[in-house]
Amino acid sequence: MSSVPESGKKARRIELRGIEKRFGDTPVIRGLDLDVRPGELLVLLGPSGCGKSTLLRLIAGLEHPTAGTVEIGGVVVNELPPAARDVAMVFQSYALYPHMTVAQNLGFGLKSRGLDKGDINRKVSATAQTLELADLLERRPGQLSGGQQQRVALGRALVREPGVFLLDEPLSNLDAGLRIKTRDEIASLHRRLGTTMVFVTHDQMEAMSLGQRIAILDRGTLQQIGTPEAIYHSPANLFVAGFIGTPAINRAALAPGGGGRLRWGPVEVARPWADGPGTLAVRPEGLSRAIGRAGDFVAEVTRVEALGSETIVHLALPPGLPSGGRGWTLRAGPSETFMTGESIEVGIDWNRCHLFDPTGVRWPDAPTPHKASS
Ligand SMILES: Nc1ncnc2c1ncn2[C@@H]1O[C@H](COP(=O)(O)OP(=O)(O)OP(=O)(O)O)[C@@H](O)[C@H]1O
Ligand SMILES: [Mg+2]
């Protein structure tokens, strides 16, 4: 894979080392190390308030870290102002200049940097081509749809041909259909330009569909960084396991079973960690209806979502099986039928079970659980 984009400009690596950020006494980013590879599209994902925008602003130079270093393209940029960092950012609440045309909005940043008119026109029209705005250059923002305005906001950053492109929830103002379309456009833009991109979202579906790698943040701490597959199938901890995946992963609190074993109703497993109970978790596709055989437990169907390509079956577990106050869900094929109120035998795919120790950390080499003998 080449790290030299179409424009011939080198994509930059971003390295964050020991980043701390406090606002007054409040820590917002805590001891964070993160590498974004040259030309990579990295998605920063986490719940509202976890510090995503703050992190992006630290890279852009709009905030200064309380401790730690920010490197872009191998250079420590802590002391460099935003304009000297070869970075362009699209903000969460982008605002176009309402009295300017699309062309003027696109060219404004270049004009204020003193480029001559010919250069500006060339760059503006190239950017407009890329984002399919060429026919709209003379319109004002008020005469554009939400999606078109969004593309102008992207264009304002793109036209600067940055070595690093930072996007802070750029799709949040768009309706569902347009969001998916614009998301695809950003992915193809990234493929064509090969620029290093950091894309912030709190939407896990958006992250999974767009990210080459995803970095998950919770309360200012990096929880895991990896490919969408790795994050889904090998979550580092309970937070990641619960945050990624719809419906959410099913959980069960394990209890001491004697002889170094842990038990949850029908499930038994040798405890891999020294002490304490821990959690068993299995995704909805790790459960299935046992037909023509006894399952691992019996549950009542409380709701059926027939989604066309799959069916999500909501289950109430019997009183003897604590499920953390939450119901469980089972993912079934579209041709299986379920009726609300019926009791079904449920089988557990043991190889899809995850074990988390009492601190919430997953044990990747934990023994496979099995059906308890009594
Ligand atoms: N200038 C500031 N002064 C004080 N606190 C701030 C400031 N900027 C952000 N914060 C706080 O820092 C935390 C992280 O904010 P940030 O905007 O980075 O979150 P976020 O992950 O982008 O959230 P969202 O998904 O809602 O945009 C929040 O608790 C916020 O209130
Ligand atoms: Mg934000």
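**A walk from ligand 1 to the cores**

Let's start at the ligand. Ligand 1 is surrounded by Phe23, Val28, Pro47, Ser48, Gly49, Cys50, Gly51, Lys52, Ser53, Thr54, Gln92 and Glu169. Before I go on: this is a predicted model.

What is that shell made of, by class? Around ligand 1 there are four nonpolar, six polar and two charged residues.

Take Thr54. An N or O atom in its side chain is 2.6 Å from an oxygen atom of ligand 1. Next, Ser53. Here a side-chain N or O atom is 2.8 Å from an oxygen atom of the ligand. Then Cys50. This time the backbone is involved: one of its N or O atoms lies 3.2 Å from a ligand oxygen atom. How much of ligand 1 does the protein cover? On its own, the ligand has 630 Å² of accessible area, and the protein covers 57% of that.

Which element gives the most to this shell? Helix 1, residues 52-60, with three residues.

Stay with helix 1 for a moment. Seven of its nine residues are buried, so the helix is largely enclosed by the rest of the structure. Which seven? Lys52, Thr54, Leu55, Leu56, Leu58, Ile59 and Ala60. Two of those names are also in the ligand shell: Lys52 and Thr54. Just after the helix comes Gly61, with a positive phi of about 95 degrees.

Next stop, Asp218. You will find it in strand 9, residues 213-218. Buried or exposed? Asp218 is buried, because its relative accessible area is 10%, and the cut-off for buried is under 20%. What does Asp218 touch? Leaving out residues up to four places away in sequence, the list is Pro47, Cys50, Gln223 and Phe239.

Now the cores. In soluble globular proteins, nonpolar side chains tend to be buried together. Here, the largest nonpolar core has 43 residues. Which members touch the most others? Phe165 and Phe199. Helix 4, residues 146-158, gives the most to this core, with five residues.

Look at Phe199 in particular. Again leaving out residues up to four places away, Phe199 touches Leu41, Leu42, Val43, Leu44, Leu167, Pro170, Leu171, Ile186, Glu206 and Leu210.

There is also a second, separate core, of 28 residues. Among them are Trp273, Val301, Leu317 and Cys353.

To recap: ligand 1 takes three shell residues from helix 1, and seven of the nine residues of that helix are buried.

Methods: Residues are numbered from 1 along each chain as its sequence is written. Chains are lettered from A and ligands numbered from 1 in the order in which they are written. This is a predicted model: local features need pLDDT of at least 70, side-chain atom pairs count only at pLDDT 80 or more; totals for chains, interfaces and linings use all residues. Side-chain values use heavy atoms; hydrogens and water are left out. A residue is near a molecule or strand if one of its heavy atoms lies within 4 Å of it. A polar contact is a pair of N or O atoms within 3.5 Å; within protein, one must be able to donate a hydrogen and the other to accept it, and residues adjacent in sequence count only if both atoms are side-chain atoms. Accessible areas come from the Shrake-Rupley method with a 1.4 Å probe; for residues, only the protein chains shown count as cover. Helices (H or I, at least four residues) and strands (E, at least two) are DSSP runs, numbered from the N terminus. Ala, Val, Leu, Ile, Met, Phe, Trp, Tyr, Cys and Pro count as nonpolar, Asp, Glu, Lys and Arg as charged, and the others, Gly among them, as polar. A nonpolar core is a set of buried Ala, Val, Leu, Ile, Met, Phe, Trp, Tyr and Cys residues joined through side-chain atoms within 4.5 Å. Buried means under 20% relative accessible area, exposed over 50%, partly exposed in between (1.4 Å probe, protein chains only). Contact means heavy atoms within 4.5 Å.
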